[in-house]
Amino acid sequence: MQLTINDKDYTFKFGLRFVRELDKQITTNENGIEFGVGTAIKLAQLVNAKDLAALSDVLLVANQTETPRIKAVDLDTFIEEHEDVEGLLKEVIAELEASNATASKVKTVREMAANN
């Protein structure tokens, strides 16, 4: 996914490195085994709650492996001032649904929301 922010083109990838990084950020411990749950939590915040802070977090991590890297403050400002933030949310969710690394997680989040 590409976004132009402050006249610069930035690439955002939602692959395995993206999943690993998000899962490192939030963990849980069950029976002495630590599990990364950051991806599931951020996707739930993004898909179900349309949380703009989660959108910023997700995009920031998706850009970490790319060049140039965006600064969090620039990304936050871009989201805050975006003319069609709902469209941006939909675009990011569509990218997450299309990625092999995150498609099944988005599906699970949607199914859980439908059951509640």
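Reader: Which helix holds both K24 and E21, and how many residues apart are they?
Author: Happy to start there, with helices and strands taken as DSSP runs numbered from the N terminus (H or I, at least four residues, for a helix; E, at least two, for a strand). An α-helix has 3.6 residues a turn, so residues three or four places apart point the same way. K24 and E21 are about one turn apart, both in helix 1, with a separation of 3 residues.

Reader: Before we go on, what kind of model is this, and which pLDDT limits apply?
Author: Residues are numbered from 1 along each chain as its sequence is written, and side-chain values use heavy atoms, with hydrogens and water left out. The model is predicted, with totals for chains, interfaces and linings using all residues, while local features need pLDDT of at least 70 and side-chain atom pairs count only at pLDDT 80 or more.

Reader: How far apart are the closest N and O atoms of K24 and E21?
Author: A salt bridge here is a side-chain nitrogen of Lys or Arg within 4 Å of a carboxyl oxygen of Asp or Glu. K24 is exposed at 59% relative accessibility, while E21 is partly exposed at 22% (buried is under 20% relative accessible area, exposed over 50%, partly exposed in between, with a 1.4 Å probe and protein chains only). Their closest N and O atoms form a salt bridge at 3.2 Å.

Reader: How many salt bridges does the whole structure have?
Author: Besides K24 with E21, there is R110 with E97, at 2.9 Å from N to O. R110 is in helix 6 and E97 in helix 5, so this pair ties together parts 13 residues apart in sequence. D57 and K42 also meet, at 2.6 Å from N to O. A search of the whole structure gives 3.

Reader: Which side chain of opposite charge is nearest to E66?
Author: E66 sits in the loop between helix 3 and helix 4. Its side chain makes a polar contact of 2.7 Å with the side chain of T65 (a pair of N or O atoms within 3.5 Å; within protein, one must be able to donate a hydrogen and the other to accept it, and residues adjacent in sequence count only if both atoms are side-chain atoms). For charge, Lys and Arg count as positive and Asp and Glu as negative, with His and the chain ends not counted. E66 is buried without a salt bridge, and the nearest side chain of opposite charge, 4.1 Å away, is K13.

Reader: Within what arc do the buried residues of helix 5 fall?
Author: The buried residues of helix 5 are L88, L89, V92, I93 and L96. They line one face of the helix, because, seen down its axis, they fall within an arc of 130 degrees.

Reader: Lastly, which residues does T102 touch, not counting those up to four places away in sequence?
Author: T102 lies in the loop between helix 5 and helix 6, and is buried, with a relative accessible area of 0%. Taking contact as heavy atoms within 4.5 Å, T102 touches F14, F18, V19, L43 and L96.

How values were computed: The arc is that of the directions from the helix axis to the C-beta atoms.
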